[in-house]
Every structure is written in C-alpha cells, then in structure tokens.
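Here's a quick briefing on charged pairs and a nonpolar patch.

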Amino acid sequence: MRYVKPLSAIGFDADDTLWQNEQFFRLTEERFASFLADYAEKEHLTQRLLEAERRNLQLYGFGIKGFTLSMIETAIEVTEGRAPAHVIQKILDAGREMLNHPVETLPEVRETLERLAGSYRMIMITKGDLFDQERKLAQSGLGEFFDAVEIVSNKDAATYERVFARYGDGPAHAMMVGNSLKSDIVPAIAAGSWGIYIPHDLTWALEHAEEPIGAPRFRRLGRISELIDLVSEIVS
C-alpha cells in the first residue's frame, strides 16, 4: 500500500495573499466617486456600486472587467441615464489602468514559497478573469514555485475536493492558504482540508465571513512566513 503523507498538497490564493489587489479596487472606487461627485454622495455611490457588483457576480464573475462594467451600470443608474460620455470614458480608462498596473508581491511570499516548493505539490487556486490572473502570475515571477494553477469561477467545497484530488492525495491531505474566510478558508475546511487564514488589511465586503474558530483544522497566522513552522508541526 502506498504511504500517503499527512500533508502532500498546499493551495494558495493569489489576490491579497501572494500580491496586492484590493487596494487598487479601493483607489479606483475613490476615483469613481470623484467622477460622479455632481450626482451623488460618495457613501451612496459606494453602496450602489456594491449592490451592482453583487447582482452581477453571476453574469460577469470576479475581477476588474466585471468591476468596470458594474461602475458603468452604477453611473447610468445614479444619473438616471444621463451619465455624460466623458464620465463613461473616465471609468473605462480607470479599469484599463487597473489591468495594466504592475504586480506588487506581498512581503515574505517569495521566500516562503521557495522553502515549501519541492517538498509539497504547490497549487495556486484563484478566482478572477483568466487573462488578468495569468498576467499577474507571469509578472510576479512566482510561477516557478507552482506545480499547477487553477483559475476558477467560484471557490466552494466541491472546488477544493476536485482540485486536491487532481493534484494531491485528496483534501484530507491538503491545506488551503488565503486571506478570504468566505472563499479560501470555510469551504476548504468543509471539504476536509486545513484552512490557513492570513488576514489582509483590506478585504472586499462580499468576501466577509465568520472565523470557524471551533474547527480543528483552522489556523490564523499573522504573516505568511509563519506557514513554514505550521507545516512542520502538521507533518511531524
């Protein structure tokens, strides 16, 4: 019978786990509010934009392109169909700038991945637009550390069961590392994996969830480099 290690595969979220992401959405939201300052207050615009994003997730998915379309939709709504063409152009330009923004890798990420690569099957598991996520991975220079990359439309327990069965020895012998409790941690634990939560200073409102404090396979870390000692503890 083949020996199966306690931990054979490690999944990593990408946005705000490996590199900065949410801060660029927040900055663009600020610009969006300035574009429409003559039509609505910032707080109202922010709430209307979030409502549009929530409505559109099933249509556009996660990522900058869907965000840009939701900004345009919100602009049309709050101006009652009178949004000037120059405002729509500014929104399109802002979305394009986001898609062209250089990737900013988070501290200690490269060193941590380098320590773990080779000993475990490393999988990047991320939501978002295919082209944009592929661009960010290429620009980050982190691709060499991963055995597989899964860009998915949604992250639920079935996703983790499928991915960890394909690239590892199943979810019971896998770990998911990420900053989103809703997408990275709770469903990974539900699938039978370890869920390692590394909070980011900024988290999108639609990714909030309660910490599964009582779950035996839940851990919260302050920084990604702490993953090295945690992995050693789990496999020892």
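Are Lys136 and Asp132 buried or exposed? Both Lys136 and Asp132 are buried. Keep in mind that this is a predicted model. The salt-bridge count comes to 19, and a few of those are worth a look.

**Around Lys136**

- Lys136 pairs up with Asp132 in a salt bridge, with 3.8 Å between the closest N and O atoms.
- Both of these residues sit in helix α6, four residues apart, or about one turn of the helix.
- Lys136 also makes a salt bridge with Asp15, and here the closest N and O atoms are 2.9 Å apart.
- Like Lys136, Asp15 is buried.

**Lys155 and Asp184**

- Lys155 and Asp184 form a salt bridge whose closest N and O atoms are 2.7 Å apart.
- This one also links distant parts of the chain, with Lys155 in the loop between β3 (148–152) and α7 (157–167) and Asp184 in helix α8 (residues 181–190), 29 residues apart.
- Lys155 counts as buried because its relative accessibility is 5%, and Asp184 is buried too, at 1% relative accessible area.

**Shared partners**

**Nonpolar patch**

- Leu59, Tyr60 and Leu69 make a nonpolar surface patch of about 310 Å².
- Leu69 lies in helix α3 (residues 64–78) and is partly exposed, because its relative accessibility is 39%.

Notes
Residues numbered from 1 in each chain as written. Predicted model: local features only at pLDDT ≥ 70, side-chain atom pairs only at ≥ 80, totals over all residues. Heavy atoms only, no water. Patch = residues over 30% accessible without salt bridge, like charges linked within 9 Å, V, L, I, M, F, W, Y side chains within 5 Å. Areas by Shrake-Rupley, 256 points an atom, 1.4 Å probe, with all protein chains shown as cover. Salt bridge = Lys/Arg side-chain N within 4 Å of Asp/Glu carboxyl O. Helix = DSSP H or I, 4+ residues; strand = E, 2+ residues; numbered from the N terminus. Buried < 20%, exposed > 50% of the residue type's maximum accessible area, 1.4 Å probe, protein only.
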